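Hello,

Here is the structure for you to look through. My notes follow below it.

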Amino acid sequence: MLYKFLKIVLELLTLDAEKAFDTVTHEIMLNKMFHDGIRGDMWVLLKNIYTNMTLQVKWGDQTTQHVNIQQGIRQGAKLSTLLYKRYNNTILNAITGSHLGAKIGTICVASPTCADDIALLGEPQDIQAMLNIIEFHTKRDMVKINPEKSEVLCTSKGKNYQQKAYTLGEKQINRVDKLKHLGITRNVKSKVNTDERLKTGRDKPYMHF
């Protein structure tokens, strides 16, 4: 709303992390944790969990040989979301450190993210530079952003608006009239379906322990 009030062009771009939790490389993850100060017994515990992991596939009465697993974090485990967020944090820190993207006063709000749901907010001259940062770090960390499932939407057209095209690698990001991020649909008129989202949340059953 601030950018719309000031008549400044603001683009919102959502990124699709391809098989996000399945592409985390154990060696890189453990290295990141170590440099974050996670050492001693906790680091050894994580290393033991994610070293020499194997799986077997059972089909009827037959079972395959053990297959070594060197990437991916345990689905449904309590630590998995935290481990992925740390794996992903290098990208977010790089964007923040670049001073690119949207700001509220001096506060950077260029990359609102929840786990593998990454979004970019910024003026047109910043968006492509942030995409280049993401491309560099995802290649280094051996993860992949799918540009064909990523989308861009102009939420504030401002003065003298000219539609720009953005690329990730050699693929162009799809421009849309509405997109969804974290369950909230946004459109070119800057309207969001928060009422619909709240209704969905209220309608979901829950269990009390």
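Helices (H or I, at least four residues) and strands (E, at least two) are DSSP runs, numbered from the N terminus. By that rule Asp126 sits in helix α5. Before going on, note that this is a predicted model, in which local features need pLDDT of at least 70 and side-chain atom pairs count only at pLDDT 80 or more, while totals for chains, interfaces and linings use all residues. Residues are numbered from 1 along each chain as its sequence is written, and side-chain values use heavy atoms, with hydrogens and water left out.

**The chain as a whole**

The protein chain has six helices and 15 strands. Of its 209 residues, 35% count as buried (under 20% relative accessible area; exposed is over 50%, partly exposed in between; 1.4 Å probe, protein chains only). A contact means heavy atoms within 4.5 Å. Among contacts in the protein chain with a separation of 6 or more, 64% are between residues 24 or more positions apart.

**Around Asp126**

Asp126 has a relative accessible area of 13% and is therefore buried. Leaving out residues up to four places away in sequence, Asp126 touches Leu100 and Gly101. A polar atom of the Asp126 side chain lies 3.1 Å from the backbone nitrogen of Gly101. Asp126 and Ser98 are 28 residues apart in sequence, and their C-alpha atoms are 9.9 Å apart in space.

**The sheet**

Five strands form an open sheet with mixed pairing, in the order β8-β9-β1-β10-β13; two strands pair if DSSP finds at least two bridges between them. The edge strands, β8 (113-114) and β13 (174-175), each pair on one side only. Helix α5 (residues 124-140) packs on this sheet and touches β1 (10-17), β9 (117-122) and β10. The direction of α5 makes about 145° with that of β9 (axes are lines fitted to C-alpha atoms, for helices over the stretch in contact, and angles run from 0 to 180 degrees between N-to-C directions). Strand β10 (residues 145-156) pairs with β13 in the parallel sense over two bridges. Which residue of β13 is the bridge partner of Glu151? The partner is Asn174.

**Salt bridges**

Side chains of opposite charge can pair when their charged atoms come close. A salt bridge here is a side-chain nitrogen of Lys or Arg within 4 Å of a carboxyl oxygen of Asp or Glu. How many salt bridges does this rule give? The count comes to three.

- Glu11 and Arg175 form a salt bridge, with the closest N and O atoms 2.8 Å apart. The pair links distant parts of the chain, since Glu11 is in strand β1 and Arg175 in strand β13, 164 residues apart. Glu11 is buried at 0% relative accessibility, whereas Arg175 is partly exposed at 24%.
- Lys139 and Glu135 meet through their side chains at 3.3 Å, N to O. They are four residues apart in helix α5, so about one helical turn separates them. Lys139 is exposed, with a relative accessible area of 62%, and Glu135 is partly exposed at 21%.
- Lys171 and Glu148 form a salt bridge, with the closest N and O atoms 3.2 Å apart. This pair also links distant parts of the chain: Lys171 is in strand β12 (residues 171-172) and Glu148 in strand β10, 23 residues apart. Lys171 is partly exposed at 43%, and Glu148 is exposed at 52%.

Regards

Definitions and conventions: A polar contact is a pair of N or O atoms within 3.5 Å; within protein, one must be able to donate a hydrogen and the other to accept it, and residues adjacent in sequence count only if both atoms are side-chain atoms.
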